[in-house]
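Please look over the two-chain model shown here before reading on. The report that accompanies it is arranged by topic.

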Amino acid sequence: MTNIFIHIALLLIMPPLLLGVINKTKALFAGRRGPPVLQLYYDLIKLARKGVVISQVTTWVFTAAPVITLTAIMLAGLMVPMGPFQSPVAFTGDLILFAYLLALSRFFTTTAALDTGSAFEGMGAAREVTFACLSEPALFFALLVLAKMSGSLVLTNMLHAPLAAGSQASAASLVLVAGGLFILLLAENSRIPVDDPNTHLELTMIHEVMVLDHSGPLLGIILYGAAVKLFVLSAVLLHIVFPFQSGSALLDWSLFVLEMLLTAVAVGVVESVMARLQMRNVQHLLIAAILLCGFGFVLLMR
Amino acid sequence: MNGLWMILSAAGLMMASGFPAGFGSRQSAAAQRLAAVLMVLGSLTGLSGLAVALFSSGLCAISLPWHLPWGSFSVGLDALSAVFLIPVFIVPALGSVYGLGYWRQTEHLDNGRGLSLFYGLLAGAMVMVVIARDSVLLLIFWEIMALSAFFLAATENEKPEVRLAGWIYLVATHTGTICLLALFALLRQVSGSFTLYAFDAGSLTAGIAATLFILTVIGFGFKAGIMPLHVWLPGAHANAPSHVSAVMSGVMLKMGVYGILRMLTLLPATEMWNGELLLGLGAVTGILGIAFAIGQSDIKRLLAYSSIENIGIITMGIGLAMMGRVLHRVDFILLGLGGALLHVWNHSLFKSLLFLNSGAIMHAVHTRDMNRMGGLAKFMPRTAGLFLLGAVAICGLPPLNGFVSEWLIYLGLFQSVNAGNGMPWPAIGIGAVALALIGALALACFVKIYSTVFLGQPRFASHASPHDPQPFMHYPMFLLAAGCVVLGILPQVGLPLIQQAAAQWMDPAMQENPLPVSLAPVQWISGAALVLIVVSGIAVTIIRKNIRRQPAVSIGTWSCGYAQPTPRMQYTATSFGEMLVKRFSWALRPRTRQPVITEPFPSKSGFSTTVPDTVLDRIVLPFVRYAGHRMMKLRLLQQGRISIYLLYILIILLFLLCWESLGIGR
């Protein structure tokens, strides 16, 4: 019971911290002092109190979409276990629901973008759904590998499989899948090298350009939802990268938080040492994700 | 037994529904209303008959005297037939009510009566196809169905493109029928009768069994629209009146699926490649179907291609279940076939909803070209809401019904990871990846269609004032949408019947150990769907209320500082799909016409791109043209005089008579 409370509390509170860590890392690399680690929390509080400017062109989808998106991501977050603990929601087949809840959030984000009738946001939405056609197969290859390793179709058991396995036979495919999932993490959360969360050149962006017209509390919900998504997908990746368990609950939770912060640092490092790819090359990166996860699948089925 | 009689009378009522109108005047509105009332009555009779049959005995059969030399009038009802009867009773009746507003006889003097007549015939014939237990009887009603559909698709036959689509459909459906004739003749040879009841299939040689299987897939696959047999589908669906498209896509395609399932139930299941072929065909049909859909800018052609995609998903489920029969895996059969059958229901709900919706849109803006729509949600909010619901459902997203059936098929495909050694689990597992790709493409497709039609700024002439359709058109859509929600939250209401139908594919040995509930815990899906709807509903209400309280300024969309944006600058349907079309250009072969700029001050020019059907335009039509050219010499036999043709028949009959009496054939 306590673990479920901690799970929900972390899911609600921790995500904005990750972005703070990422930005701090980037600042360190650039030799700046950078914004405070808690900056996104301040931003969210400020946005919640602001008024909203809504384009006359939009319909109810525009205001509803951020909320539906956040709900879907939160629900997905309840299915992903953190560290060696059980997730609050676990049942046979929850892995499909997990993937499709992310798709639901994509549906409404892109629809809200197109609701504004702006060419820029249309461009972002078109890119988002196109790249998803490459990331979705990669995700399912990864899920297949985990399902095969654990012999289970419950996300908790599947993600705990690397912990239990300890067999060298599956190590190779796990390494490949970890690489693929890291690319997915960057792509799905619109980080460099796929997307640049900082640029103001709308023509070069995917996610940021889709939310160009949202403001005030709606923008706050979107920023918060994006942070939660980063948190949830990192939690998935952590199971494969750090399959450790100490046995003591307190130690395991602190270990999980530490690992999460390390992931944020890793993302920050990638963003600092790489430039954003040209839009036409993004697909090659995502195909690399498919290749990694697909070869992981092939290795496991020998 | 009584239930089956009620279903038979329902079929009679539906088939007869259009006849009274034929005696009325051309502009009589009453005649059309009578037809709709008869259709609804027929559907209610049929549904109550179905309920009576299912709650009393379940299985039942009737055989009536029959004066034709072959076959017999035997009909029957089992769980499989019941599953397919439900959409047949629901969708056409709703469509006929919709037709009262959409295709008023008073406004369509030339074809109103014919439409009512053939619409009823189509619906009634489909009922008979599903309950026929004799292959001759089935073929008779199959042809009535196919021909009625031809006349319906060619309703506006004064337009050349409608005539062309109609002819292509007619040729395709009869090519399928030829295969069916061969199939049933061969079946008669090996089983000794025309009846469609189980026979001792163990005695079939592998070659015969394979031939029967291939003939089944081709013969019924033409109707279902499995690629590459789908060539007739986009044109016929796009050019038919919208409620006819709804019936054709929502129900008639499923008759092909039904035929495949009925025949596979009779045929032996020993060959692994049968299932593998179906799984592969399904995956290809699904991926390419939705890829073609993304390339379309005609709203109804897009929906038609999306039907092909959904048939692909259904075929994947059937293929998985076929492998389950060979491998004696209960989970493959129940999840694969169960998911496929549930998807049959789901698709008949949301695709009919979307086609009816497209009719309302066309009434409002008088075009099928999505690039000339936009911003309609402001003018027709209820239609927009219903369309959005249908779009979410068809993408297979939670919390609506499309998710449940795709979830079942996914679970079946993922069960392969529990297989022992020597199982074809990689092939099945890759099926799950293919389904994921289909899902992602479908999402792109339906975001595109909803957004370019309903969102943004209008791209049509400003003097048009579109509005929500009248109640007759509105209520059928509302009922279909309600069905999508109910099956999404409470799939439990339909699953027992579907499980019963899927159980027909299990050996007696397999039926003894029933399915563990843990295989597909649907109650969790219900719970998640409910939470999703309630939580996001409450949250949306709170947010919308609160942001209104604040001093909100209302202005136009931010266009990055550009002062005078126009609606033409929005992303169109074509531009939204451009990246994906390019990725699939190896299959889609888009035709692009773009200006070449040579002078420093180029004159006005245009850019256009279309995605025609590759199989039809690059393979079928050239072949037909070539064959037509090559066979000119045979025109010698064709002089256009009936007496000569009768002479040919006489000569052939005499020849056959000699053949028979001389005993050459024996």
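The sections below take up confidence, the two chains, their contact and some individual elements and residues.

## Basis and confidence

This is a predicted model, in which local features need pLDDT of at least 70 and side-chain atom pairs count only at pLDDT 80 or more, while totals for chains, interfaces and linings use all residues. Residues are numbered from 1 along each chain as its sequence is written, and chains are lettered from A and ligands numbered from 1 in the order in which they are written.

The model has an ipTM of 0.96 and a pTM of 0.94. Among the elements of chain B, the lowest mean pLDDT, 62, belongs to strand S3 (residues 553–555), and the highest, 95, to helix H15 (residues 381–394).

## Chain A

Chain A contains 12 helices and one strand, where helices (H or I, at least four residues) and strands (E, at least two) are DSSP runs numbered from the N terminus. Read from the N terminus, the order of elements in chain A is α-α-α-β-α-α-α-α-α-α-α-α-α.

The C-alpha trace of chain A spans about 60 × 40 × 40 Å along its principal axes. The radius of gyration of chain A is 19 Å, which agrees with the value near 19 Å for a compact globule of 302 residues; the radius is taken over C-alpha atoms, and the globule rule is 2.2 Å times the number of residues to the power 0.38. Of the 302 residues of chain A, 62% are buried, a term that requires 20 or more other C-beta atoms within 10 Å of a residue's own, with exposed meaning 12 or fewer and partly exposed anything in between, and with C-beta atoms placed from the backbone. Contacts are pairs of residues whose C-beta atoms, placed from the backbone, lie within 7 Å, and among those in chain A between residues at least 6 apart in sequence, 78% join residues at least 24 apart.

## Chain B

Chain B has 25 helices and five strands. Its radius of gyration is 26 Å, close to the 26 Å that the globule rule gives for 666 residues, so chain B is as compact as a globular protein of that length. The C-alpha trace of chain B spans about 95 × 65 × 55 Å along its principal axes.

Buried residues account for 53% of the 666 residues in chain B. Of the contacts in chain B with a separation of 6 or more, 81% are between residues 24 or more positions apart.

## The contact between the chains

Chain A brings 59 residues to the contact and chain B brings 63 residues. On the side of chain A that touches chain B, at least two residues each come from strand S1 (53–55), helix H4 (60–77), helix H5 (94–115), helix H6 (119–150) and helix H10 (216–241) of chain A. H6(A) gives the most to this side, with 17 residues. By class, the side of chain A that touches chain B has 36 nonpolar, 17 polar and six charged residues, where Ala, Val, Leu, Ile, Met, Phe, Trp, Tyr, Cys and Pro count as nonpolar, Asp, Glu, Lys and Arg as charged, and the others, Gly among them, as polar.

Leu443(B), found in helix H17 (residues 425–454) of chain B, counts as buried because 28 C-beta neighbours lie inside 10 Å. Not counting residues up to four places away in sequence, Leu443(B) touches Ala103(A), Arg106(A), Phe107(A), Val129(A), Ala132(A) and Cys395(B).

## Helices and residues of chain B

In helix H25 (residues 642–662) of chain B, by contrast, the count of buried residues among its 21 residues is zero, and H25(B) is followed by Gly663(B), whose phi is positive, near 75°.

Thr541(B), in helix H21 (residues 522–549) of chain B, is exposed, with 12 other C-beta atoms within 10 Å.

Methods:
Two residues are in contact if their C-beta atoms, placed from the backbone, lie within 7 Å. pLDDT is the predictor's confidence in each residue, from 0 to 100.
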